[in-house]
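Student: I'd like a close look at one part of this structure, please. Start with one spot, then connect it to the rest of the chain for me.

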Amino acid sequence: VGMAYISDIETDKMKKDNMLGVLVGCFVLGNSGGGIIAVLMNDAGLFAPLWVGAGLMAMSAIVGHIYMIEPGDSRLGNIHDSKITIDLFAEEEKVNRPLTIDKKTLWNIVGGALLDNIGSTGLFPLCLSPLAMEQFYTQFVEVGKEPIMTIDAYQWLSVCVALLVIPSTQMTPYVFTKIGVAGTCVFGNLFTALVTGVLLAIGNMAATDLAFGFFVFVMYAGFPFTVFSQLTTGPMLDVIAPEDKIGFVQGLNNSSMSFGMAIAPWAFGILADYTSSNISIITGIAFSILAAVINAILVWHPLMGRPKPKVPAPKKRFAHEDEELVNKILDGEFVDPELVFDINRDRGIHGKPALIPRVRPYSEEKDHLESLAEQVCAAAKFREDMYDRILNGIASNKSDPNNFDFSVEEVCEIMNSVRGNEEELMAQSFADLGAWMGEYLADNGYDPHTSSVLLKQMFMIAFPSISRELEFTPNNIEERLVKAKRVMAKYVRETREEPFTVTSVLGS
């Protein structure tokens, strides 16, 4: 029910995957919590912890009844009647649900989950009991020696290992982005087989304090990675579920998990009685490897493989922005500066970075330099006027927000947002612009390879320092804007006297 509920209420795929993983983690953590209560209440009797469990279940039912919102709930009316604010800059990855279930993929996931839960029995509990119990306790007690592992230690090892699900739930979102949900599942299957094999090898060594220490270390260090496979089944089933089958597929997920956890220990116990503990554990390893093989098929599923990298905000169009206009800006075409300003101002007000245009290579523009230079006077004049508007807006004390009238602190926040912090994109733009300048100079008789010092001096004169501080602050913003306005005013004045070219800038 919880998994289906999350699938219904959350539309962002990444958040949904994370929440489903946390829910499964809570399920496993709950089992561990029950064991801890049982250990702590050991002296109170065998059945005393059951009363605590019953009380927690009653509390869970009451809290769920109070806070879980279902269709028809009166609280939904308040939402529908209130004014709903839509975030125009939301970057959520919406889930597009299929109309029917892909049954082949469904049973592949469910079958892999069942095999995984069976295989996990080889790790836990078989590696603790009977393997560790026989190796580090029973054989010592039978000959009247002090055991390496006490019963109390065994109990705490058994119940506390599940606490390591907590780091697993924190790691899986990162792993999802690197190898995909299905890849994470296969990794968990294979790591379960690996950890189980290592524990089996340690458990068959001579029983010493060092061997027991290694046994505990491997179990606790490896367990968080083995749980990956169980945290992925819910997200994989969710992406193939139609809207009216979400509860059905998540029910299958819980059924496969519960069935495997209920039947496998009993079946492996019988196998251990007829053969040996080692054979039973090796069989569990084989099931984990088989689960990895079955789940590996899903790696090529378009919805379960490695997710495509998200387009950074400076290189993407938000839903309300004009597609043609944004595409022109991003492609490095000349666009009316007022239109560019409107888009980037709107982004800055909402805490988003400005669009970063592609720096077209010089080879693409060298035959069209005249058209590139035609609009520079108007562009520089617009920049000059824009700085005036911002300065006047700061002085106006927020009288007209539509005209960039904000407090100095708000203007600094907007300007810093517009500049952005996408270091990789910024570095690429710097490199591309530098290459353009170098190729222009080489193509127009300046021989930059022999005159680099002189050209750097000319560049510094053409582009005087505005500020060495990256961030806009209330203490520096007005000085920076005034200096920037002065540079633009110089270009406006000079380009009105002669056509603007890069040569005229370098010679100014």
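**One turn of a helix, and beyond**

Tutor: Glu479 and Lys483 are about one helical turn from each other, because they sit 4 residues apart in helix 21 (residues 477-497). Helices here are DSSP runs of H or I with at least four residues, strands are runs of E with at least two, and both are numbered from the N terminus. Before going on, remember that this is a predicted model, where local features need pLDDT of at least 70, side-chain atom pairs count only at pLDDT 80 or more, and totals for chains, interfaces and linings use all residues. Residue numbers run from 1 along each chain as its sequence is written, and side-chain values use heavy atoms, with hydrogens and water left out.

Back to our pair: Glu479 makes a salt bridge with Lys483, with 3.3 Å between the closest N and O atoms. The term takes a side-chain nitrogen of Lys or Arg within 4 Å of a carboxyl oxygen of Asp or Glu. Glu479 is partly exposed at 48% relative accessibility, and Lys483 is partly exposed too, at 29%. On this scale, buried is under 20% relative accessible area, exposed is over 50%, and partly exposed is in between (1.4 Å probe, protein chains only).

Lys328 is partly exposed at 32%, while Glu324 counts as exposed at 56%.

Glu364 is partly exposed at 35%, as is Arg358 at 32%. The whole structure holds 13 salt bridges.

Now for the inside. Nonpolar side chains tend to be buried together in soluble globular proteins. The largest nonpolar core has 30 residues, and Met149, Leu199 and Phe215 touch the most other members. Such a core is a set of buried Ala, Val, Leu, Ile, Met, Phe, Trp, Tyr and Cys residues joined through side-chain atoms within 4.5 Å. Helices giving this core two or more residues include helix 6 (127-141), helix 8 (165-203) and helix 9 (209-226). Leaving aside residues up to four places away in sequence, the residues touched by Phe215 include Cys127, Leu131, Phe136 and Ile202; contact means heavy atoms within 4.5 Å. Cys127 is buried, at 0% relative accessibility. A separate core of 23 residues includes Phe382, Met386, Leu391 and Cys412.

Cysteines don't pair up here: the count of disulfides is 0, taking a pair of cysteine sulfur atoms within 2.5 Å as the rule.

For the overall picture, the protein has 22 helices and 0 strands, and buried residues make up 40% of its 508 residues. Of the contacts between residues at least 6 apart in sequence, 76% join residues at least 24 apart.
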